[in-house]
Amino acid sequence: MKNRTKKCGTVTALILCLWMAAAAMGQENREKLSFEADDSLEDIRFKIEHNGYDFTVDHNWVFDMPSEDKENFLRRSAPVSPRRSDDSTGAGPLLEALRKREDLPAAFDWRNKDGHSYIGPVKNQGQCGSCYSFGANAAAEGTYNSATGKYDADCADFSESFIIWCMGKVSPYSSHFKGCDGADYDYYELQGLTDKGMITESDFAYTTSDPGECQHWDKAAQKFKSWHRVGCNDIEALKTAIKTFGVVDAAVMVNSAFEAYKSGIYEDTNTACDADPCYYAQTNHAVALVGWGEQNGKGYWILRNSWGTEWGELGYMRIAHTAAKVSCATAYLVYDAKSPVVSTEAADSVTAVSAKINGKVNPNGTAATYYFEYGDSTKYGKKTTEKSAGSGSSAAAVSETLSMLAPNTTYHYRLVAKNTSGTSYGEDQTFFTFSGTAAKPKAVTGQADNMSFISATLNGTVNPMGAAARYYFDYGTTSAYGSVSSPPGVTEIGSADIAVKADISKLTPGTTYHYRLVAENTSGKTLGEDRTFNTGGEQLAVNFLQDGGFESGMQNPYWTDISKQWESNIYQQDEVTQALAGDWFVWFSGIEGLTENASLAQTAVFPSQGEAVLKFWLMMFSDPTGILESGTLNVKIDNETVFTSSEKDADIYPDWKEIAVDVSKFADGESHTLTFGADFPLGAITSFLIDDVSLEGKKTTGGEGLKFDVNSDGKVNLGDVIYLLKMFAGGTQ
């Protein structure tokens, strides 16, 4: 309400001022009128004036929407089965931030923090009751951006469709939200961000139409560490959560005035969190809060809506701290950012007074900077100019050219990178600045020795030919090599032959390796001749999967377990249904009167020897009448189906039967995702039982009775390495 009191001078003016002040006080004490669902704009404007509010309203697409459509549009509601109290509903790390009692500014806005915006453009949910996904993703984007230092054009843009059409179709989320049908008060959409993570809008663009079975589970997802509620109507705590963690998810009780909002500081009479627990106070729409401010002594939140930029103040609303129950049910996310990954690479273009030094930086999704340290010892003492490494999630090559170096000097250098999560240091490398005239070095590849199943020593001879020479060995399973011994060596200045060697490890047993010596000085590079050696052993089949017998049970750490209707696809045997071996097995089955979509997936590094066989045991139960619809089992590697079965095959698998599928086309040593998926149309009661899954590739044995396993990352188990070392030392027979 505007201030009607003015400075009073004359007696007449004093009397007038007293009358106006009394009128103003009367209006302050006047009972506030509530906004109703069927209020016209004239009704709303009358109540705004009557209540002394200071905001404007006008027609827009939501206010003008037919009332029956609004019922399906504003779809946030109380849960059928309220969530039990757990860590996610507690205050979490916000408590530590509150204990610091840092002074909060009068205004804060993630749209303009230090001149940058940490939240992308306002979105529009359309005529779909999917506000819950937009509120959750606004919080996710703001939290991720603030944690990783992404802003302006680099802001994350997450997929609302992934929440409504993927998470919304699987347990446990499907009983709390789904598609355009809204969500309940339990914020399972935030739980999904911590369980499954979130993919980008470019991976799955927003659509208000059900696209059918989700095809996007294999996309790279950003997982959040946790989510937590903020105390009801706790203004200081909510401000602290916004400033510390990022944009927060919130809920409001929308009425006619909220729908018609155009500008100003919104107020209404819905201010009490009148429920037990208080965050179950009645609300019907999800939004996000990006900051706060103050005007004429009145505090407000900056509310981000999902009704497009034509609504409100370019899609935003300034809302009084407790209006529309906006501070009753708020929640924030926590994103655990990681420090960069760096590696120092070999120098090149070395002269008597200059050199180019190289490295690689992976910012790990958080804005990072890098520089090189260098000097004539490992104390370094000098550094290059600090530069941006971006905020990507893959390694990028970086380099700097050093000048004004001292001739005939060995220099040490390393790469350093840092982001908001910490500083990472690359390994030390060296180069030598030779001053003088020299011929190209000579390089003679020698015979390898000290071969084990996983390592070898490569030998050779280098003649620097009058200059210091840098040398290393190329090696790999073909004459194209692909790997380089590290770190490179540097000879003294001279013209005599020098014996050199390099130890290499992490080799594949039972494999032929090619190698050659490479030497270079200021006059050029010389490649030694190609030679070969073998890592001994007889190759046998091993399982490249983890827990193929499912003995880790439900909530299995190795398998991604998704079911639309059941708590889990992994079951413990009982008197009626027995596992093939052990106590646990997979059971895909339909349910009468409902559809079911289920899957079980594991990502593993496949064999690299060009041969691979997928084996599993299958048993089926079918509809004895043959009347009902049939379920279908599909086994896929990545997105390619390698095996399928349905009810027509029930006679083939009445009991446990082993299936073997040649998947050698995927035996490339890279990561692939194996998925067992089952789809059951309405009424299908087919059952597919699966146990003892294996992906057989190759491993090596050093003799009869000697065996060792290979992990899913292709590395030999440490225990087996120790065993092999003992054997070579004569300590094991």
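The buried residues of helix α7 are Y188, E189, L190, Q191, G192, L193 and T194. Here, buried means under 20% relative accessible area, exposed means over 50%, and partly exposed lies in between, with a 1.4 Å probe and protein chains only. Seven of the eight residues of α7 are buried, so this helix is largely enclosed by the rest of the structure. The cover over its buried residues includes α5, α6 (160-166), β4 (183-184), β5 (226-230), β6 (248-252) and β11 (330-334). After α7 comes G197, with a positive phi near 85 degrees.

The model is predicted: local features need pLDDT of at least 70, side-chain atom pairs count only at pLDDT 80 or more, and totals for chains, interfaces and linings use all residues. Residues are numbered from 1 along each chain as its sequence is written, and side-chain values use heavy atoms, with hydrogens and water left out.

The protein chain has ten helices and 41 strands. Helices (H or I, at least four residues) and strands (E, at least two) are DSSP runs, numbered from the N terminus. Of the 733 residues in the protein chain, 50% are buried. Contacts were also sorted by sequence separation, a contact being heavy atoms within 4.5 Å. Among those between residues at least 6 apart in sequence, 73% join residues at least 24 apart.

Helix α7 (residues 188-195) packs with helix α5 (residues 131-148) at an angle of about 45 degrees, and their axes are 9 Å apart. Axes are lines fitted to C-alpha atoms, for helices over the stretch in contact, and angles run from 0 to 180 degrees between N-to-C directions. α5 and α7 are therefore oblique to each other. Angles under 35 degrees count as roughly parallel, over 145 as roughly antiparallel, 65 to 115 as roughly perpendicular, and the rest as oblique. On the α5 side, Y132, A136, N137 and A140 take part; they meet E189, L190 and L193 of α7. By class, this contact has five nonpolar, one polar and one charged residues. Ala, Val, Leu, Ile, Met, Phe, Trp, Tyr, Cys and Pro count as nonpolar, Asp, Glu, Lys and Arg as charged, and the others, Gly among them, as polar.

Helix α2 (residues 41-51) was also examined. Its buried residues are L41, I44, K47, I48, H50 and N51. G52 follows α2 and has a positive phi, near 75 degrees.

Three strands form an open sheet in the order β21-β22-β26, with antiparallel pairing. Two strands pair if DSSP finds at least two bridges between them. β21 (442-445) and β26 (498-504) stand at the edges with a single partner strand each, so one side of each is left without a neighbour in the sheet. Neighbouring strands are turned by 30 degrees against each other on average, direction ignored. β21 is joined to the antiparallel strand β22 (residues 456-463) by four bridges. T445 has G460 of β22 as its bridge partner, and V444 stands opposite T461 in β22.

A hairpin is formed by β36 and β37, with two residues between the strands. Strand β36 (residues 632-637) pairs with strand β37 (residues 640-646) in the antiparallel sense, over six bridges. T632 has S646 of β37 as its bridge partner. In this hairpin, D638 takes a positive phi near 55 degrees.
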